[in-house]
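Biologist: I'm new to this one. Can you walk me through it?

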Amino acid sequence: MTGSLAAGLLAALVLVAAPFLRARESEITGAVLCGFGLGWALLAVLSVRFSDQPQRWAAAPALFMGVAGILLVSFGSVADAALNWVWPPALLALVIWMVIGARRRLHSRSRGWLLYPVIAVLALASIGGAYQTIGAAADARAYRMPGQLIDVGGYSLHLNCTGSGSPTVVLQPGAGEMSSNHGWIASAIASNTRVCVYDRAGRGWSEPADNAQDATQIAADLHTLLHRGNVPGPYVLAGHSFGGLYVLTFAARYPDEVAGMVLMDSTDRASAASPGATSPVAPGSYDLLGRVSALISISARVGLARLYAPLEAGSLPPRSRDEVRANIATPDSMGSTIDEYVQANKSMEEAAALRDFAGKPLVVLTAGVGNSSKHQASQNELSDLSTNSIHKTIDWASHEAVIADKDGAAITSQAILDVVSSVRSTASLPQ
């Protein structure tokens, strides 16, 4: 038994690493299931041939995992959606079958110290899977998508614009975050001018993407989204945390379409003196980190992310807070967040491409809590990008408080409105 289950685990690891599989969560899940199915099949066959305790019941989990794995590898997200409601109760029924079979057919000590713990893990996975599936369905009913979905080239992104007036403010969330993280700010800006929030690939109401989401790709997607969404520029871009890297990259690539910018405790860029330190990954090359990301995101399938989600977004408006928590609980969000950190060094280098903001209004906001001399120096460098800039440090605010805390968001909103006013009047920012 030990050898069969160990062989199944080894087979799962080998299949996950197989180059013919794409680094998609559904296909990686399928590979894991196929490997585990092989282990149970070996137990069924070898115990019949080489022992006096044949475990024919093991053919059931072998068949269940093998078929589910093949479907996921072959049909990807289509099979994933179809199996969501099927696999948790089917796995629970299978667990009951396995317990009955083991009690009747297996009389060695391995039943207690090896098999029962494995069966217990499967039982917990079925319960967690049901919890995740039911919770996701409830979230989909409770939090209907505002705005629209727009195809940006193989996948669709969510865009929601409110208010009226020019210039349009475009809000860029931080790492792992979504449009609803700007709940305080979007509503404040909408009373003065048009404001657009959106979700990057795999977040909120947006579809996941197959390509690596570094700053250049994110900027290109946003550019396509705004144009196909009929949102004319030039824009005032406001980016928080990693979002600062993305708006800096957007401004470097599309300078004529950016009228002003607000950086909300932006992640530090790479040194402009040493660009290109990270080698780009060629399209179609082997993506090891992508496979690890997909493997980790499987944990959201069994409800683990949903257990963590209520701890987040506590200071946002109630509706925005609940939408953020629903987003955190999804496998797509977990996978895209991991990928975002995988791409971090490359994004920091790409953001360094902006060397001069040409005298356009720029406000740099820095969180005082948790600040360091290195980060402060980087923030000072950002403010030097324009001759029409202000750098403010909010001494009492943490990194997240500049957008999620009501008072911090009020300061940030006013900074954005100051840039809007400067663009409209062509006057310098108020010092």
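Modeller: A term before we start: helices (H or I, at least four residues) and strands (E, at least two) are DSSP runs, numbered from the N terminus. This is a predicted model, where local features need pLDDT of at least 70, side-chain atom pairs count only at pLDDT 80 or more, and totals for chains, interfaces and linings use all residues. Residues are numbered from 1 along each chain as its sequence is written, and side-chain values use heavy atoms, without hydrogens and water.

Biologist: Which helix gives the most to the lining of the second largest pocket?

Modeller: α2 does, with 7 residues. A pocket here is an open set of points on a 1 Å grid over the protein atoms alone, where a 1.4 Å probe fits, with protein on both sides within 12 Å along at least five of seven lines; lining residues have an atom within 4 Å of a point.

Biologist: How much space lies in there?

Modeller: About 800 Å³. That volume is the space filled by probe spheres set on the points, and points are joined across faces, edges and corners. The lining has 27 residues, and Val 32, Leu 33, Phe 36, Met 65 and Leu 122 are the closest to the centre.

Biologist: How do the lining residues divide by class?

Modeller: 20 are nonpolar, 4 polar and 3 charged. Nonpolar covers Ala, Val, Leu, Ile, Met, Phe, Trp, Tyr, Cys and Pro; charged covers Asp, Glu, Lys and Arg; the others, Gly among them, are polar.

Biologist: Back to α2. At what angle do α2 and α10 pack?

Modeller: About 75 degrees, with the axes of α2 and α10 (residues 288-297) 9 Å apart. So α2 is roughly perpendicular to α10 (65 to 115 degrees). Axes are lines fitted to C-alpha atoms, for helices over the stretch in contact, and angles run from 0 to 180 degrees between N-to-C directions.

Biologist: Which residues meet there?

Modeller: Glu 25, Ile 28 and Val 32 in α2 meet Arg 291, Ala 294, Leu 295 and Ser 297 in α10. Contact means heavy atoms within 4.5 Å.

Biologist: New topic: the sheet. What is the strand order?

Modeller: β1-β2-β4-β3-β5-β6-β7-β8, an open sheet with mixed pairing. Two strands pair if DSSP finds at least two bridges between them. The edge strands are β1 (148-151) and β8 (389-394).

Biologist: Do β6 and β7 run parallel or antiparallel?

Modeller: Parallel, joined by 4 bridges. Met 261 has Leu 362 in β7 as its bridge partner.

Biologist: Which strands does α17 touch?

Modeller: α17 (residues 406-425) touches β3, β5, β6, β7 and β8. Its direction makes about 165 degrees with that of β6.

Technical notes. Parallel < 35°, antiparallel > 145°, perpendicular 65-115°, else oblique.
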